[in-house]
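Here are a few exercises to work through with the sequence and the model side by side. Try each task before you read its solution.

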Amino acid sequence: MVELETAVVGQPRRLPWLAATVAAKIPETPEATTVLFDVPGWPGHRPGQHVDVRLTAEDGYQAQRSYSIASPPEASQLALTVQRLGDGEVSPYLTDEVRPGDLIELRGPIGGYFTWTVADGGPLLLVAGGSGVAPLMAMVRHRAAAGGGPPATLLYSSRSWDEIIFRDELAGLVVADDGLAVVHTLTRSQPPGWTGYGRRVDAAMLGEVFGPPTAGAVAYACGPTPLVERAATDLLALGYAPDRIRTERFGPSGG
Amino acid sequence: MGGFVSRGFRSRRRPDAETAERLPPGQYLTRDFPVLSAGPTPRTSLSTWDFSVVGALPEPRRWTWDEFQALPTETVTKDIHCVTKWSKFDTVWEGVSLDTLLAGVETDATHLVAFCDGGYTTNLPLAEVTGGRAWVAFTFDGAPLAPEHGGPARLLVPHLYFWKSAKWVRGLELVERDRPGFWETLGYHNHADPWREQRYQGD
């Protein structure tokens, strides 16, 4: 696994800005796009970690933002799945403006707590809201690339069927793997005949989907603050240990 | 600075001159108050809450919630800066200055480690938390501090990245050798000065 490189004198090396070339763009939903990058010199990462992106305009203006990595360590390209924020300035650039061959700067990997690999064991419990699925998808993809690993369940809250990011890929992974379950809840609108959950994540839903704690269980929740607060509080109430519940927020702020 | 131009990127919300001057490098201004924490939000009853100063001092100090509220408080207006890139201007806090909590302490300590409900820790040089630079805050914008923002009380060290302003703080351990805290052992910078953009180890 990746450790920050340490120089001889014991001083950690600065994470360098790397030149990343846009290799491809994958439309995921009307608002979310995955950008695949070739990043020469990328040191590798653990599922759950993120990168800082830095953009420079011709007049020298710069903007930085953090994005979770959606690709597993096993992938040759780095995937950032970006939700377009209307009043943002970095996310609309990444979703709308960039095209293959463009260069941006990024550095990472960053974050050493909200991470999981198969070596960390499980069962793995994942709660995602909207584009907060990105770092959890890196875990799901890593688990698949590693050939399985501990059982994993993803509870994924989206506003509607069309806004489920990675919907088809997740469905394919579930078919191929008895150890993976994906449960969707659609909070704003449901397609005709929908028999799944149609409300925000709550204690009853978490109890039904995950059941009581079992030995080794570890939970990761990522999404908007209300969802993450709800999930973490309710998992505690269900008996999960606080140090086995890890959280990351994707607020409406930023962009 | 440095860096190369990314084709087609232009500012959509270039800050005005006054804002630009108040924004540390790499930060942008936000008007809401994002929540960041690594685990569940602890909820501690005020009847069992206390605040203590322990470690390298002759006698530990301890205050109950009521005793803590009876200490002299200050109301301060500060800009805050999160390592995840947002900054928020003119935030208003009421709390007890660390000058008050540490007044008269005889110690050989050089640093402190703030400890919190939920197990979070962060380290700070003593010289940077005295002289009107750090508080234990229990109101935000005139109202009791909400649990997701660190209530009932959090550290406020506005001149450093905001992870140093530990939520749910319960005390300070005075230490004679610096001891990195939670994020400081997970790749984040030990000192965390936003004006020097000390985000990660090695910055």
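**Exercise 1: a helix and its packing**

Helix α5 of chain A, residues 225-237, has 13 residues and reaches 18 Å from its first C-alpha to its last, close to the 18 Å expected at 1.5 Å a residue. Keep in mind that this is a predicted model.

Task: Find which residues of α5(A) are buried and what they pack against.

Solution: 
- Step 1. Use the cut-off for buried, which is under 20% relative accessible area.
- Step 2. The residues of α5(A) that pass are A:Thr225, A:Leu227, A:Val228, A:Glu229, A:Ala231, A:Ala232, A:Asp234 and A:Leu235.
- Step 3. Recall that an α-helix has 3.6 residues a turn, so residues three or four places apart point the same way.
- Step 4. Look for the partners of these buried residues: in chain A they pack against the strands β7 (124-129), β8 (152-158), β10 (218-223) and β11 (245-249), and against helix α4 (203-210).
- Step 5. Go on past the end of the helix: just after α5(A), A:Gly239 has a positive phi of about 110 degrees.

**Exercise 2: a glycine in a loop**

Task: Decide whether A:Gly196 is buried, partly exposed or exposed.

Solution: 
- Step 1. Locate A:Gly196 in the loop that lies between β9 (180-186) and α4 of chain A.
- Step 2. Its relative accessibility is 38%, so A:Gly196 counts as partly exposed.
- Step 3. Compare sequence with space: A:Gly196 and A:Leu186 are ten residues apart along the chain, and their C-alpha atoms are 8.0 Å apart.

**Exercise 3: chain A meets chain B**

Task: Find how many salt bridges and polar contacts join chain A and chain B.

Solution: 
- Step 1. About 4,000 Å² is buried between the two chains, 51% of it from carbon and sulfur atoms.
- Step 2. The rule finds six salt bridges across the interface.
- Step 3. B:Asp203 and A:Arg107 form a salt bridge through their side chains, at 2.8 Å from N to O.
- Step 4. The rule also finds 18 residue pairs in polar contact between chain A and chain B.

How values were computed: Residues numbered from 1 in each chain as written. Chains lettered and ligands numbered in written order. Predicted model: local features only at pLDDT ≥ 70, side-chain atom pairs only at ≥ 80, totals over all residues. Heavy atoms only, no water. Helix = DSSP H or I, 4+ residues; strand = E, 2+ residues; numbered from the N terminus. Expected span 1.5 Å × (residues − 1). Buried < 20%, exposed > 50% of the residue type's maximum accessible area, 1.4 Å probe, protein only. Contact = heavy atoms within 4.5 Å. Buried area = accessible area lost by both parts, 1.4 Å probe. Salt bridge = Lys/Arg side-chain N within 4 Å of Asp/Glu carboxyl O. Polar contact = N/O pair within 3.5 Å; in protein donor to acceptor, adjacent residues only side chain to side chain.
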